[in-house]
Amino acid sequence: MSPVSSNAPHGQSPLRTVQVLGGGNAGSSAHVRSLAEGLVARGVRVTVCAPAEADRVYDFTGTGADHVHVPRSSDPASVAALRAACADADLVHAHGLHASFRTVLALSGRGTPLVVTWHNRARAEGARAHLLRLLERRVVRAAAVVLGSTSDLVDRARRAGARDARLAAVALPGRRRRADQDEADQERPKLRAELGATGRPLLMAVGSLDRERGYDVLLDAARAWRGLDPVPLVVVAGEGPLRPGLQRRIEDEELPVRLVGRRDDVPELLAAADLALLTSRWESRSVLAQEALHAGVPLVATRVGGVPDLVGEAAELVPYGDAGALAAAVVRLLADPARRELLRERGPRQAATWPTEDETVAQVLSVYDELTQPAPLP
């Protein structure tokens, strides 16, 4: 880990930081928990401002941090609660656009340094898209430093007027250790039998059932796989508002696809799969892509957002929304054992180039030091 001044100078109080999370997605919430744990371990006082349900799921207080319930809303009561929580902070770090905007309102008139991390791109259409652009400009111009989890998010922040925008080191936090190989080999056939994939290829997708995930395109591609022998089985782990419509299509079109809902054994499911599929409209540092490459599972993914930089040469990339390209890439891989083996070997090597949790905390601490340590005398 890079050296950073994690401890307060002699006679001074520890650095006091507030992490602001708006509820957020799973990736940003897990990142904040990992960051809180690493900061507390290095002598930093941490308060996490997030909805109570986020603390129940991610147990921020279990890291040694304090938790203050602040609703997702930007109404005056929520902003006042956040302002009170930040009253004695040396620095405030907000995660995501809406949490950052709420923080800008709460810190108005104060000189407290603000760091903002963008984990994902906010998306909207029409008038709401214009509003989001206004929020982005307000946030990045108020922030001392903007950290983006992908290079295109950094570029977006710069275009919006950020004074200082940098690429963030963002680890895959809380990654569970894989079982030893003997145990994994024993579990694989059991899981495949449970899913109905005995004697046929198993294709695994993971993520909430919403429009951004591209599952309509996945179902279009699955029509082409019905002609293969044996027919691959597509298993989608996740839940969301599109489930009824997707299920109707699967039944009406007799597609080889199963929706299995939320699962707490995703690493094991991936380890049992022949291929992993990522069909999203946009991703930053996709958890599915990271888990697949860590596990050495060949991945077919859309060439969007931060995915190309994340996976390098360790995955097959296809355009978003192109069912034909997705179907063809899967067919080629299933027919080419040598290519699959090459991707299995490349995956863990690519994963070894990603930041660790220690490196992530070290980068954040170095930013905090820049913003809070007194400038040296000339």
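User: What is the average pLDDT of the protein?

Analyst: The model is predicted, and its pLDDT averages 91, with 92% of the residues scoring at least 70.

User: Where does pLDDT stay under 50?

Analyst: Over residues 1–6. The model has 14 contacts beyond four places in sequence for that stretch.

User: On to the sheet of 6 strands. What is the strand order?

Analyst: The order is S10-S9-S8-S11-S12-S13, in an open sheet with parallel pairing.

User: Which are the edge strands?

Analyst: Strand S10 (257–261) and strand S13 (316–318), each of which pairs on one side only. On average, and with direction ignored, neighbouring strands of this sheet are turned by 25° against each other.

User: How many bridges join S8 to S11?

Analyst: There are 2 bridges between strand S8 (residues 202–206) and strand S11 (residues 275–278), and the two strands run parallel. Leu 203 has Leu 275 as its bridge partner in S11.

User: Which residues touch the most other members in the largest nonpolar core?

Analyst: Leu 202, Met 204, Val 235, Leu 278, Leu 299, Val 307 and Val 311 do, in a core of 34 residues. At least two core residues come from each of helix H7 (181–195), S8, S9, helix H10 (266–272), S11, helix H11 (287–295), strand S12 (299–302) and helix H12 (307–311).

User: Which of those gives the most to this core?

Analyst: H11, with 5 residues. Another core, of 33 residues, lies apart from this one and includes Val 20, Val 79, Ala 99 and Ala 160.

User: Back to Leu 202. What is in contact with it, leaving aside neighbours within four places in sequence?

Analyst: The contacts of Leu 202 are Arg 192, Leu 195, Ala 197, Leu 233, Val 235, Ala 272, Ala 273, Asp 274 and Leu 275.

User: Now helix H8. Which of its residues are buried?

Analyst: In H8 (residues 215–225), the buried residues are Tyr 215, Val 217, Leu 218, Leu 219, Ala 221, Ala 222 and Trp 225.

User: And what covers them?

Analyst: The cover includes S8, strand S9 (233–237), helix H9 (243–252), S10, S11 and helix H13 (323–334).

User: Which residues does the cis peptide bond join?

Analyst: Asp 229 and Pro 230, with omega about 0°. Pro 230 sits in the loop between H8 and S9.

User: Backbone next. What is phi for Asp 59?

Analyst: Phi of Asp 59 is positive, about 50°, although the residue is not a glycine. Asp 59 is in the loop between helix H2 (52–58) and strand S3 (66–69). Its relative accessibility is 34%, so Asp 59 counts as partly exposed.

User: What about phi of Glu 254?

Analyst: Glu 254 has a positive phi near 50° and is likewise a residue other than glycine. It is found in the loop between H9 and S10.

User: Is Glu 254 buried or exposed?

Analyst: Exposed, because the relative accessible area of Glu 254 is 66% and the cut-off for exposed is over 50%.

User: Last topic. How many aromatic pairs does the structure hold?

Analyst: It holds 1 aromatic pair. The ring centres of Tyr 58 and Phe 60 are 6.3 Å apart.

User: Why is that pair stacked?

Analyst: The ring planes of Tyr 58 and Phe 60 are at 20°, so the pair is stacked; the cut-off for stacked is under 30 degrees.

User: Is Phe 60 buried or exposed?

Analyst: Buried, because Phe 60 has 0% relative accessibility.

Key:
Residues numbered from 1 in each chain as written. Predicted model: local features only at pLDDT ≥ 70, side-chain atom pairs only at ≥ 80, totals over all residues. Heavy atoms only, no water. Phe/Tyr/Trp six-rings, centres within 6.5 Å; stacked < 30°, edge-to-face > 60°. Buried < 20%, exposed > 50% of the residue type's maximum accessible area, 1.4 Å probe, protein only. Pairing = 2+ DSSP bridges. Helix = DSSP H or I, 4+ residues; strand = E, 2+ residues; numbered from the N terminus. Axes fitted to C-alpha atoms, helices over the stretch in contact; angles between N-to-C directions. Contact = heavy atoms within 4.5 Å. pLDDT = per-residue confidence, 0-100. Core = buried A, V, L, I, M, F, W, Y, C linked by side-chain atoms within 4.5 Å.
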